[in-house]
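Thanks, everyone. I have one structure to show today, and I'll keep it short.

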Amino acid sequence: VQLQACGGGLVQGGGALRLSCAASGRTFSRYVMAWFRQAPGKEREFVAGINWSGSSTAYADSVEGRFTISRDNAKNTMSLQMNSLKPEDTAVYYCAEGRRLLPFHDEYDYWGQGTQVTVSS
């Protein structure tokens with residue numbers, strides 16, 4: 001399984017970015033997908049997740065209402081629309097594939113390489 005994340009960059013506070021994750025190697029539509037992030041000196045944390053069909057999503061409290069996760073099973077892709085970005089959103093963002101929609105990194109079997117998001121104040 002390969003996961004390729006892209007879309008990171010530098011943006012001013014209040015701005016928006018859209019991250020994408022392309023998956024290959026196994027039947028994408030059978031698995032939960034999620035975004036995690038890791039800031040310097042901090043542990044990796046759950047950001048958002050989506051079940052296999054897209055009918056169920058979950059968000060960290062810190063991003064609820066600002067970020068939206070979605071997936072396109074026909075294209076084997078997942079996205080994270082990030083609006084109203086804050087400096088505290090600065091981190092490396094990772095996409096991950098797993099079996100259960102839970103906010104624990106141990107639940108996810110495969111990880112992308114990460115994409116840097118930097119939000120200036």
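I'll go through a sheet, then a loop residue, then the salt bridges.

One caveat before the details: this is a predicted model.

Start with the sheet. Four strands make up an open sheet. The order is β1-β3-β8-β7, and the pairing is antiparallel. Which strands stand at the edges? They are β1, residues 2-6, and β7, residues 67-72. Each has a single partner strand, so one side of each is left without a neighbour in the sheet. From one strand to the next, the twist averages 15°.

Now one pairing in detail. β1 pairs with β3, residues 17-24, in the antiparallel sense. How many bridges join the two? Five.

Next, the loop residue. D89 sits in the loop between β8, residues 77-82, and β9, residues 91-98. Is D89 buried or exposed? Its relative accessible area is 1%, so D89 is buried, the cut-off for that being under 20%. What does D89 touch, leaving aside neighbours within four places in sequence? The contacts are R37, R66, F67, S84, V117 and V119.

Keep R37 in mind. R37 forms a salt bridge with E45. The closest N and O atoms of that pair are 2.6 Å apart. R37 is buried, at 5% relative accessibility. E45, at 34%, is partly exposed.

That brings us to the salt bridges. How many does the structure hold? Seven.

Look at D109. D109 makes a salt bridge with R26, with the closest N and O atoms 3.8 Å apart. That pair links distant parts of the chain. D109 is in strand β10, residues 108-111, while R26 is in the loop between β3 and β4, residues 32-38. The two are 83 residues apart.

D109 also forms a salt bridge with R99. Here the closest N and O atoms are 3.5 Å apart. R99 lies in the loop between β9 and β10, ten residues from D109.

On accessibility, D109 comes out at 39%, which counts as partly exposed. R99 is at 58% and counts as exposed.

Which residues are linked in the network of salt bridges? R26, E97, R99 and D109.

That's my tour. Over to you for discussion.

Terms used. Residues numbered from 1 in each chain as written. Predicted model: local features only at pLDDT ≥ 70, side-chain atom pairs only at ≥ 80, totals over all residues. Heavy atoms only, no water. Pairing = 2+ DSSP bridges. Axes fitted to C-alpha atoms, helices over the stretch in contact; angles between N-to-C directions. Buried < 20%, exposed > 50% of the residue type's maximum accessible area, 1.4 Å probe, protein only. Contact = heavy atoms within 4.5 Å. Salt bridge = Lys/Arg side-chain N within 4 Å of Asp/Glu carboxyl O.
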